[in-house]
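Hi everyone, thanks for coming along. I have a structure to walk you through today, so let me put it up and we can look at it together.

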Amino acid sequence: MTALGQLCIILCVLLVFAVLPLVAHAASSDRSHVVVIRVTGVIDGAIRDYVERALSYAESVSADALVMELDTPGGSLEAALDIITMIEESRIPVLGLVEGRWAVSAGTMILMCTHYAAMEPGTIIGAVQPVAMSSSGEYKPINESKILNPIYKKIETCMKLHGRNTTVARLFVYENLVLDAQDAVRLHVVEAVADNVWDMIEKSNGTVVNTATGPVRLVFTDPEVEYYDMPPGLRLAHILSDPLVSSIASSIAMLIILAALASGHPLFIVVGIALMLVGLFGFGLSASLVSAALLLVGIVLLAIELAVIPGFGVVGFTGIALMLIGAFIMFTGRPVYLAGESMKAAFYTLMAVLVPLAGLTMVIVYKAARVWRQKPVYTPSLVGKKGRALDNIPPGGTGFVMVEGEYWQARNVGDKELHRGDSVVVVGKDDALLLVKPSQDTEYGGTAG
């Protein structure tokens, strides 16, 4: 073979290797990209942040669609309305799939505003009438027209935009209608019954949906499904936002405060106040807003521990814990999203809870620090004082005695066992423990009743 022939072969080989990556890239770019998120549990501020982040990510990677897997009993009306606004303004189609058990109340509102809606067999939707918690802790349905009418109108508008049966919207809100998957398809409330995400993608392929950019035909070619998981910080905020978790945290906080007051350890009240701050997630506020409050209070507590209180104890450790929780949630979250009309109410709610708690913390810590800084007050020695045993105390054992009308824990340093009611004499003190021995005085002799 001539040198020219060899050169041609080498050039052909190089050309093949140069073109193969381009062909592979072209083949991969023909695949459709679908981002999937799981919206489970109560709809709250953390879920709202999660959806917003997922939509931003889907648009940044030029995804062909975003799928929301819904399994929720409902939740915050405000958070649901914010999610609906995000869907309406999305430049990519948003598909909703009810999986697991249900998507009722706020979950139904969100599903009705997705561009394509489907349900797994056995799931249900509906029961959109809002409820409010009374002062006794019971949930009561809201029947005020100024609240029900906007909700109904919002659902009706979404259903009309996406060609669904708007008659059902009124039944959802005013009569708490509940539908299973088959009835929802029969009444033209959702587009399909789908076994899973892949089945929904296949059934929606070729459908024309109305988006913020106008009508869009869903075209999925060899789709690549990517699950976008909730960031750890938002997941923690979502767990803490659960009404049950929030209620438990608040209840434990109150018990800790009462126990601290009753036991004479006021600094442990700081732990109770910290738990009450964590319970702020139950208000449905944005994760970033509450995390900012936790960071602020944590910094204040840490500063007090370092500047005022000698040593390093419960106040400092509580401050560090609040700062870690606040930072963990804040730096994986997003800025505060609150509707304009509710910003003032949310701010006042936060301040109404935060300011009294911060003030109480400052007063308690200040009073405790003053007590610690005071010189010990002289108390007369109990050595030589007589009393009586309240327990049977063997030699070297401990039990309770009464001296000078006060209950004391004491150790028997005598050679004989003390019986309940025996006379004792104080011979010394070991911190808060009295050292006693039997007394020859029979003033307290006999058995105590």
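I'll go through the disulfide, some salt bridges, a surface patch and one asparagine.

One thing before we start: this is a predicted model, so please keep that in mind as we go.

Let's begin with the cysteines. How many disulfides does the count come to? The count is 1 disulfide, and the partners are Cys 113 and Cys 158, with their sulfur atoms 2.1 Å apart. Where do the two partners sit in the chain? Cys 113 is in the loop between α4 (106-112) and β4 (116-119), while Cys 158 belongs to helix α5 (residues 145-161), so the pair ties together parts that are 45 residues apart in sequence. If you turn the view to look along the bond, you'll find that the link of Cys 113 and Cys 158 is right-handed, with 90° about the S-S bond. And are these cysteines buried or exposed? Both Cys 113 and Cys 158 are buried.

Arg 38 is partly exposed, because its relative accessible area is 39%. There is also a network here: salt bridges link Arg 38, Glu 69 and Asp 229.

Next, please find Arg 91 and Glu 59. Their side chains meet in a salt bridge at 3.1 Å, N to O. This pair links distant parts of the chain, with Arg 91 in the loop between α3 (77-89) and β3 (94-104) and Glu 59 in helix α2 (residues 45-60), 32 residues apart. As for accessibility, Arg 91 has a relative value of 55%, so it counts as exposed. Glu 59 is at 25%, so that residue counts as partly exposed.

Lys 203 pairs with Asp 199, and the closest N and O atoms are 3.4 Å apart. Both Lys 203 and Asp 199 lie in helix α8 (residues 197-204), 4 residues apart, which is about one turn of the helix. Why does Asp 199 count as buried? Its relative accessibility is 15%, and buried means under 20%. Lys 203, on the other hand, has a relative accessible area of 42%, so it is partly exposed.

Now come out to the surface. Which residues form the nonpolar patch there? They are Leu 244, Ile 248 and Ile 252, and together they have about 280 Å² of accessible area. Ile 248 lies in helix α10 (residues 243-263), and this isoleucine is partly exposed, with a relative accessible area of 44%.

Finally, a stop at Asn 412, which you'll find in strand β15 (residues 406-412). Asn 412 has 1% relative accessibility, so it counts as buried. Its side chain reaches the backbone oxygen of Lys 416 at 2.9 Å. Leaving aside residues up to four places away in sequence, Asn 412 touches several others, among them Ile 393, Pro 394, Gly 396, Leu 418 and Val 436.

That's my tour, and I'm happy to go back to any of these views.

How values were computed
Residues numbered from 1 in each chain as written. Predicted model: local features only at pLDDT ≥ 70, side-chain atom pairs only at ≥ 80, totals over all residues. Heavy atoms only, no water. Patch = residues over 30% accessible without salt bridge, like charges linked within 9 Å, V, L, I, M, F, W, Y side chains within 5 Å. Areas by Shrake-Rupley, 256 points an atom, 1.4 Å probe, with all protein chains shown as cover. Salt bridge = Lys/Arg side-chain N within 4 Å of Asp/Glu carboxyl O. Helix = DSSP H or I, 4+ residues; strand = E, 2+ residues; numbered from the N terminus. Buried < 20%, exposed > 50% of the residue type's maximum accessible area, 1.4 Å probe, protein only. Disulfide = S-S within 2.5 Å. Polar contact = N/O pair within 3.5 Å; in protein donor to acceptor, adjacent residues only side chain to side chain. Contact = heavy atoms within 4.5 Å.
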